[in-house]
Amino acid sequence: MCIITVLGKGETLSATQWNCLQNSNYDGWGVTWWEDGKLQVAKSPIATTFAPFLEKIQGKSMVVHFRHRTHGEIDLDNTHPYEVHPGIYLFHNGVLPTKKVQSTKSDTWHFVRQFLRPIFMGSSIPAERLVQTRWFRKV
């Protein structure tokens, strides 16, 4: 199963801890962090590229996802985070019940396209407010 790690500014994990997370979830990684007031995103389906990348953002507030593939291929399209709407990204852990239209794509890829993106496109509520509503948090 995938793992998500959230670190605040100045918080770090040891190299041993990062290796443990990465070695048990080796099908890619994705990270979001704040830099110069803007949300930044990076991801790769190649687990071994994480450690060198981490050196560039160590100590910043970040959310990191290490993937353990359950559905779909190991590629960039199936690597978290998923952009749901400009500036809004999804990380999750577990398997989502979706109708698989493309066998090479993950359950999350399908969930974002079949469910989440249509919510944002069909709403008159600004995206920033929509994710703050009680209804959306329960989804």
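The legends below describe close-up views of a predicted model.

**View 1. Helix α1 and its buried side.** Helix α1 spans residues 15-24. Trp 18, Leu 21 and Gln 22 are its buried residues. These residues lie on the same side of α1, because they cover an arc of only 95° around the axis. Thr 16, Cys 20 and Asn 23 are exposed on the other side of α1. The packing partners of the buried residues of α1 are β1 (3-7), α2 (50-57) and β4 (62-66).

**View 2. Helix α2 and the glycine that follows.** Phe 50, Phe 53, Leu 54 and Ile 57 are buried in α2. Their directions span an arc of only 105° around the axis, so they fall on the same side of α2. An α-helix has 3.6 residues a turn, so residues three or four places apart point the same way. Glu 55 and Lys 56 are exposed on the other side of α2. The buried residues of α2 pack against α1, β2, β3 and β4. Just after α2 comes Gly 59, with a positive phi of about 90°.

**View 3. Thr 79 in the loop between β4 and β5.** Strand β5 covers residues 82-85, and Thr 79 sits in the loop between β4 and this strand. Thr 79 counts as buried because its relative accessibility is 1%, where the cut-off for buried is under 20%. The side chain of Thr 79 comes to 2.7 Å from the backbone oxygen of Asp 75. Beyond its neighbours within four places in sequence, Thr 79 has contacts with Gly 28, Trp 29, Lys 43, Ser 44 and Pro 45.

**View 4. Asp 27 in the loop between α1 and β2.** Asp 27 is placed in the loop that runs between α1 and β2 (29-35). With a relative accessible area of 6%, Asp 27 is buried. Residues up to four places away in sequence aside, Asp 27 touches Pro 45, Arg 67, His 68, Arg 69 and Ile 74. Pro 45 is also among the residues in contact with Thr 79.

**View 5. A nonpolar surface patch that includes Leu 39.** Trp 34, Leu 39 and Val 41 make a nonpolar surface patch of about 270 Å². Leu 39 belongs to strand β3, which runs over residues 38-44. The relative accessible area of Leu 39 is 30%, and this residue is therefore partly exposed.

Key:
Residues are numbered from 1 along each chain as its sequence is written. This is a predicted model: local features need pLDDT of at least 70, side-chain atom pairs count only at pLDDT 80 or more; totals for chains, interfaces and linings use all residues. Side-chain values use heavy atoms; hydrogens and water are left out. Patches are made of residues with over 30% relative accessible area and no salt bridge: like charges are joined within 9 Å, nonpolar side chains (Val, Leu, Ile, Met, Phe, Trp, Tyr) within 5 Å. Accessible areas come from the Shrake-Rupley method with a 1.4 Å probe; for residues, only the protein chains shown count as cover. A salt bridge is a side-chain nitrogen of Lys or Arg within 4 Å of a carboxyl oxygen of Asp or Glu. Helices (H or I, at least four residues) and strands (E, at least two) are DSSP runs, numbered from the N terminus. Buried means under 20% relative accessible area, exposed over 50%, partly exposed in between (1.4 Å probe, protein chains only). The arc is that of the directions from the helix axis to the C-beta atoms. Contact means heavy atoms within 4.5 Å. A polar contact is a pair of N or O atoms within 3.5 Å; within protein, one must be able to donate a hydrogen and the other to accept it, and residues adjacent in sequence count only if both atoms are side-chain atoms.
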